Amino acid sequence: MAHNKMNVLFLTLVDIRSPEERNIYMDLMRTFAAHGQNVFIVSPLEKKYRKNTKLIRQGNIQLLKVRTGNLFQVGMVEKAISQLQLDRQYWNAVQQYFGKQAFDLILYSTPPITLAGAVKKVKKRTGASTYLLLKDIFPQNAVDIGLMKKWMAELFFRRREKMLYEISDHIGCMSPANKEYLLAHNRLNKKKVELCPNSILPEPYQPEWNRQKGQKRKKFCEKLGIPEETVLFLYGGNLGKPQDIPYIIRCIEAAAHEKWAYFIICGTGTELGVLEKYAASKKPENLKVIPGLPKEKYEKMAAFCDVGMLFLDYRFTIPNFPSRLLSYLEKGIPVLACTDRSTDVGEIAEKNRFGKACLSNEPIAFVRTICEFKEEEVRLEMGNKGRKFLEEHYTVQESYRIIMKHISD
């Protein structure tokens, strides 16, 4: 597709430990590398790990781990200070380690919006094309759920957000609603905003994954103390303010009389303690809370579950699109999306018949919706449709094609 070998710089807030990691970013970076491009990745190494900046080389991928402040599982003030320092830290690290390097393409994702300065400087130095992978609309998302006052957002962050959009030659949005929102709330050239959804390199599909998995499933249920004959609903991922944990608890309580349904919630985040406290004090018979698992163990567990769940706070006015969706579709299990009115993930699931949606403000609606997954045949059909949809729309090959069409002329 591209005529010459390119040098691609990717700046991210995600803590990438190794070029082999499987996630939406590394799957895409390995795709660039597989097409012969030289890939340079800059990722944070938080000071709590007490290690210095280091460079990891593997084939045509170079991963630069830059020592930064603490960005995750810390208070809001510390997080904000660390994020504001990233711009300078990343620019200095790029200069020090890749200073003689010419770049053809700079890729970067939100969060954060605070890398605008570093992107601008590298662009100026190298003349590279810039492509923003918009995964988050900040600061509005923080305002929506009460983490930040509107005046604070305007004063401290909105200008940086606008600057980030301005320096981007192209902006890839996760969904149609995401794209519409961005254009409605910012003065942007329509031509530079396009769809470039979250994507992965899917593992080979094993449809038997989501059938009653015989002995293996039996052992899995026994080990966790889960009633084997139930339909297992799984939520895996971040457990923070955006997921509205009090609402999830109300849903679990409202579904208590549906003895056939069992809920597994697995993840880490600032609100995990709220769920653990609820489980310990009320001892609900239909809930298992599991603090975050290593990826491999989580994937094994997901394969035994019947339905994947998504939760987003009802107050959001920005259309989020959780990347967690992809791991459910990869396993061939249907999706239950409990979200706000702005987000179109539920709409897409229903339209393409791989899931069901309900608004995340009404536990009774949640109970009504889980009942649509009662029949195994229905789940299998939805799961297979979801896997097919993933293969047609959410693969890294498709993302690579979308990005490269701007570069390869």
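The model is a predicted one. I looked up helix 2 (residues 76-98) against helix 3 (residues 116-126) and found their axes 7 Å apart, at an angle of about 30°. From helix 2, the contact uses Asp 87, Trp 91, Val 94, Gln 95 and Phe 98. Helix 3 contributes Ala 116, Gly 117, Ala 118, Lys 121, Val 122 and Arg 125. Sorted by class, I have six nonpolar, two polar and three charged residues in this contact.

Peptide bonds. Thr 110 and Pro 111 are joined by a cis bond with omega about 0°. I place Pro 111 in the loop between strand 5 (105-110) and helix 3. Phe 138 and Pro 139 are also joined by a cis bond, with omega about 15°. Pro 139 sits in the loop between strand 6 (129-134) and helix 4 (140-144).

Positive phi. Which loop holds Asp 244? I found Asp 244 between strand 9 (231-238) and helix 8 (245-254). Its phi is near 55°, positive although Asp 244 is not a glycine. Buried means under 20% relative accessible area, so Asp 244, at 18%, counts as buried.

Lys 283 is another non-glycine residue with a positive phi, about 45°. I located Lys 283 in the loop between helix 9 (272-282) and strand 11 (287-291). Is Lys 283 buried or exposed? Lys 283 is exposed, at a relative accessible area of 62%.

Conventions: Residues numbered from 1 in each chain as written. Predicted model: local features only at pLDDT ≥ 70, side-chain atom pairs only at ≥ 80, totals over all residues. Heavy atoms only, no water. Axes fitted to C-alpha atoms, helices over the stretch in contact; angles between N-to-C directions. Helix = DSSP H or I, 4+ residues; strand = E, 2+ residues; numbered from the N terminus. Contact = heavy atoms within 4.5 Å. Nonpolar A, V, L, I, M, F, W, Y, C, P; charged D, E, K, R; others polar. Buried < 20%, exposed > 50% of the residue type's maximum accessible area, 1.4 Å probe, protein only.
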